[in-house]
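Visitor: I would like to learn how to read a model of this kind. Please take me through a few features in turn.

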Amino acid sequence: MHLSRRAAAATAVLFTSVLALTACGSSGGSGGSGSAFGKVEGQVTFQTWNLKANFKSYFEGVIADFEKKYPDATVKWVDQPAEGYPEKLSADAAGGTLPDVVNVSPDLAYPLAKAGLALDLEKTAGKYRGEYLDGAWRSHRMPGMPGVYAFPWYLNTGPMFYNKELFAKAGLDPEKPPTSYDQLFEDAVTMARKSDRKIAMLAGTPSVEDFGRYGVRLMNTQGTAFTFNEPKGVELLQHYKELYAAGALDSQALTAQAESAGRKFQQQSVAMNPGSAHDLENFRKEAPSLYRHIGITDAVNNTGKANMYVQGLMVNAQSKVTPAAVAFAHFVTDRKNQMAFAKEVTIFPSTKGSLDDPYFTKEDGTDATRVRVASAKSLKTAVNYTPVLLSDQMKTVLRNAVAKAVQGKQSPEAALDGAVAACNRLLKTG
């Protein structure tokens with residue numbers, strides 16, 4: 001199971017078709033058939049996203065515990081495959097068959113919230129807010145709308161790996177990897193110069209998350225327009241253009257995929273790269289000379305906050321069993337059940353205090369705990385930088401603009417102005 005924006009390419013389908021519901025009379029926000037609190041009774045339909053194959057016993061146990069606590073309530077669990085999940089949500093929303101509790105990422109929750117199909121939990125269940133990490137709770141806020149539209153569930157983030165030996169050879173302190181972008185740019189140029197351009201610091205160009213970590217305002221406060229062409233965004237892209245010219249950015253960075261960037265790092269021609277516990281285990285087996293010199297650090301940022309990937313549980317605002325649906329969504333995402341799930345799979349709980357558990361703070365010498373501890377530390381204050389409105393098509397627009405600017409085919413300012421204009425046109429057309 002991968003935790004990320006797993007179906008970004010198909011989100012536009014959900015956005016377009018569900019938003020049509022708004023034109024048919026829904027005003028957005030949180031409708032609903034009753035109070036979020038009351039007697040917990042009736043059958044709750046609970047839909048997950050590609051989880052049943054690997055976690056059947058876990059969810060059956062959670063459901064049994066809930067039904068024991070609330071004997072007048074039952075839960076019907078349905079699990080949908082990853083393929084076609086946004087289309088399934090769209091069809092259910094249009095047909096009035098959306099389950100009572102639905103597994104969503106923020107980008108999938110947005111069109112449902114906009115169409116009035118997601119319960120505003122800040123308004124109806126705000127008493128639970130203090131149980132969750134602030135960044136996780138805010139991750140399901142929607143641009144231009146008051147409220148929060150899903151309980152935060154499981155989280156993930158990715159640490160950066162760096163090659164201590166390459167740092168030392170370049171005269172950089174192997175125990176002090178860069179923590180800010182200014183330090184990263186300075187160290188990257190030093191790395192390229194000292195290695196006679198044979199070693200690049202990075203293997204990829206900046207994504208929207210990098211603009212966010214740099215401190216760029218990505219959208220206006222109303223959520224009606226992208227703004228990543230502001231001066232700070234231009235400044236970031238200018239730095240990457242200079243890195244590319246200096247040999248501090250790998251020559252294949254413009255076309256590199258995550259897999260090829262990982263290979264460059266494994267071949268020790270790139271000094272820093274994001275990764276996971278799985279990557280670390282591969283290095284141990286396949287590249288022992290690299291593994292001996294691996295350092296783990298947070299991805300650089302100017303904000304003091306790492307990037308967070310988040311999944312949530314949305315309550316259908318039109319549910320006929322609202323008290324039971326809210327109670328169940330909260331039950332699944334409470335501290336006890338999130339901790340249990342985190343021990344089943346490499347994810348992290350969104351509940352306050354959970355990341356202080358020894359499971360997330362104590363290393364035992366294994367690769368899994370090295371990465372787990374590093375990731376958990378950064379997640380305490382992490383935020384989801386990727387705008388919920390950024391479609392896959394928009395990400396391609398930005399990627400192409402960045403490539404033109406880095407190569408010098410267009411100025412950073414012109415490239416970002418063009419990208420913002422194109423993304424805003426796509427935003428208006430849905």
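Visitor: Over residues 1–13, where does pLDDT stay, and how many contacts beyond four places in sequence does the model have for them?

Guide: Where pLDDT is low, the predicted coordinates should not be read in detail. This is a predicted model, and over residues 1–13 pLDDT stays under 50. The model has 38 contacts beyond four places in sequence for that stretch. Residues 19–33 also stay under 50, with 37 such contacts. For the protein, the mean pLDDT is 90, and 91% of residues reach 70 or more.

Visitor: How do the axes of helix α8 and helix α10 cross?

Guide: Two packed helices are described by the angle between their axes and the distance between the axes. Here the axes of α8 (residues 181–194) and α10 (residues 231–246) come within 10 Å and cross at roughly 10 degrees. The two helices are therefore roughly parallel to each other.

Visitor: Which residues of α8 and α10 meet?

Guide: From α8 come Y181, F185, A188, V189 and A192; from α10, L236, H239, Y240, L243 and A246. By class, this contact has nine nonpolar residues, one polar and no charged ones.

Visitor: Are the residues on the two faces of strand β5 buried or exposed?

Guide: In a regular strand the side chains alternate between the two faces of the sheet. In β5 (residues 160–163), M160 and Y162 lie on one side, F161 and N163 on the other, and all are buried.

Visitor: Which strands does β5 pair with?

Guide: β5 pairs in the antiparallel sense with β6 (residues 272–274) over three bridges, and with β7 (residues 294–297), also antiparallel, over four bridges. M160 has P274 as its bridge partner in β6 and T297 in β7.

How values were computed:
Residues numbered from 1 in each chain as written. Predicted model: local features only at pLDDT ≥ 70, side-chain atom pairs only at ≥ 80, totals over all residues. Heavy atoms only, no water. Axes fitted to C-alpha atoms, helices over the stretch in contact; angles between N-to-C directions. Parallel < 35°, antiparallel > 145°, perpendicular 65-115°, else oblique. Contact = heavy atoms within 4.5 Å. Nonpolar A, V, L, I, M, F, W, Y, C, P; charged D, E, K, R; others polar. Buried < 20%, exposed > 50% of the residue type's maximum accessible area, 1.4 Å probe, protein only. Pairing = 2+ DSSP bridges. pLDDT = per-residue confidence, 0-100.
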